[in-house]
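Let's take a quick tour of a protein model. Have a look at the structure first, then we'll go through it topic by topic.

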Amino acid sequence: MSTINSESITTSTRTPVVIIKPILYGNTAKHLGTKRDTDGHTHKWSVYVRSYNNDDISTYVSKVQFRLHETYPNHSRVISQAPFEVEESGWGEFETQITIYFADPNEKPVIFYHHLKLFSTDPDVVAGTKALVNENYDELIFQEPSDLLVRLLNCAKSLAPPTDENLATEKEYAVKKADTIARIKTARQRVRSEIQDLTERLRITQENIKRIRQRSADHGSSTNLLNTSTHENIKREIVD
Ligand code: SLL
């Protein structure tokens, strides 16, 4: 008698669990006004990772490593509690490597890069009256997270009620999202009509070839070889 492993049945028919957490990462920078005599620094800046909707990501993020430029002392900065942010000053822009580690050590850390921007052509930023914000939206996608991680992901509470600034950011990203979707739709439409065009040209060419083959079979010599003028005709018809 054969036995059925009930566990394998449950696993294979279960809907895969996917949890998505939207995040913001980037940097702000402010001109100091002058070049500092002691170290030549011109800007104060901060680089950060936070939740897009102001949730407390520290429930499921154990630490974030920010790899700064090697000109900084201790250039690997590890932050193990919220806010996941490094505040510094400096004189130059560079690529920061950001690694997010999760509360479940079996979950692979996520590594990405951010260009730490200091300079802008906005006159208010140049004058130091407005901070530069160079921020990106992204999503952490957890495929089949462990039960432990699912619990932690689902209990990420809001840090505070949304501020005007949060709401403004959300609106800005909603506009960007709508714009991106519209551009993807236009591009898809263009690709679709190019494919239709090419398919039609292919169909016409195939028909021409078939017609010419047929004609050459009807009029061909007994050896079934095409003479030079037939070759010329074929070429002309395919090009047309
Ligand atoms: C550049 N490739 O040349 C870049 C490097 C490095 C910025 C920029 C160090 C501050 C300090 C600092 O601002 N490094 O520790 O003095 O523009």
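Where does Glu 144 lie? Glu 144 sits in the loop between strand E8 (132–143) and helix H3 (147–154). Helices (H or I, at least four residues) and strands (E, at least two) are DSSP runs, numbered from the N terminus.

Before going on, here's how to read the numbers. This is a predicted model, where local features need pLDDT of at least 70, side-chain atom pairs count only at pLDDT 80 or more, and totals for chains, interfaces and linings use all residues. Residues are numbered from 1 along each chain as its sequence is written, and side-chain values use heavy atoms, with hydrogens and water left out.

**Around the ligand**

- The ligand is surrounded by His 41, His 69, Thr 71, Tyr 72, Gly 90, Trp 91, Gly 92 and Glu 93; to be listed, a residue needs a heavy atom within 4 Å of the ligand.
- Sort this shell by type and you get two nonpolar residues, five polar ones and one charged. Here Ala, Val, Leu, Ile, Met, Phe, Trp, Tyr, Cys and Pro count as nonpolar, Asp, Glu, Lys and Arg as charged, and the others, Gly among them, as polar.
- His 41 has a polar side-chain atom 2.9 Å from an oxygen atom of the ligand, while a polar side-chain atom of Thr 71 lies 2.9 Å from a nitrogen atom of the ligand.
- On its own, the ligand has 460 Å² of accessible area, and the protein covers 69% of that (Shrake-Rupley method, 1.4 Å probe).

**The open sheet**

- Four strands make up an open sheet in the order E5-E2-E1-E8, with antiparallel pairing. Two strands pair if DSSP finds at least two bridges between them.
- E5 and E8 are the edge strands, since each pairs on one side only.
- Ignoring direction, neighbouring strands of this sheet are turned by 15° against each other on average.
- Strand E2 (residues 43–51) runs antiparallel to E5, joined by seven bridges; Lys 44 has Ser 89 as its bridge partner in E5.
- E1 and E2 pair in the antiparallel sense over nine bridges, and here Lys 30 stands opposite Lys 44 in E2.
- Strand E1 (residues 18–31) also pairs with E8 in the antiparallel sense, over 12 bridges, with Asn 27 opposite Asn 134 in E8.

- Glu 144 counts as partly exposed because its relative accessibility is 40% (buried means under 20%, exposed over 50%, partly exposed in between, with a 1.4 Å probe and protein chains only).
- Asn 74 is another residue other than glycine with a positive phi, near 45°. Asn 74 lies in the loop between strand E3 (61–67) and E4, and it counts as exposed because its relative accessibility is 64%.
- The peptide bond from Ala 82 to Pro 83 is cis, with omega near 0°. Pro 83 belongs to the loop between strand E4 (76–79) and strand E5 (84–90).

**A buried threonine**

- Thr 96 lies in strand E6 (residues 94–102). Is Thr 96 buried or exposed? Thr 96 is buried, because its relative accessible area is 0%.
- Thr 96 and Gly 26 are 70 residues apart along the chain, and their C-alpha atoms are separated by 9.6 Å.

How values were computed
A polar contact is a pair of N or O atoms within 3.5 Å; within protein, one must be able to donate a hydrogen and the other to accept it, and residues adjacent in sequence count only if both atoms are side-chain atoms. Axes are lines fitted to C-alpha atoms, for helices over the stretch in contact, and angles run from 0 to 180 degrees between N-to-C directions.
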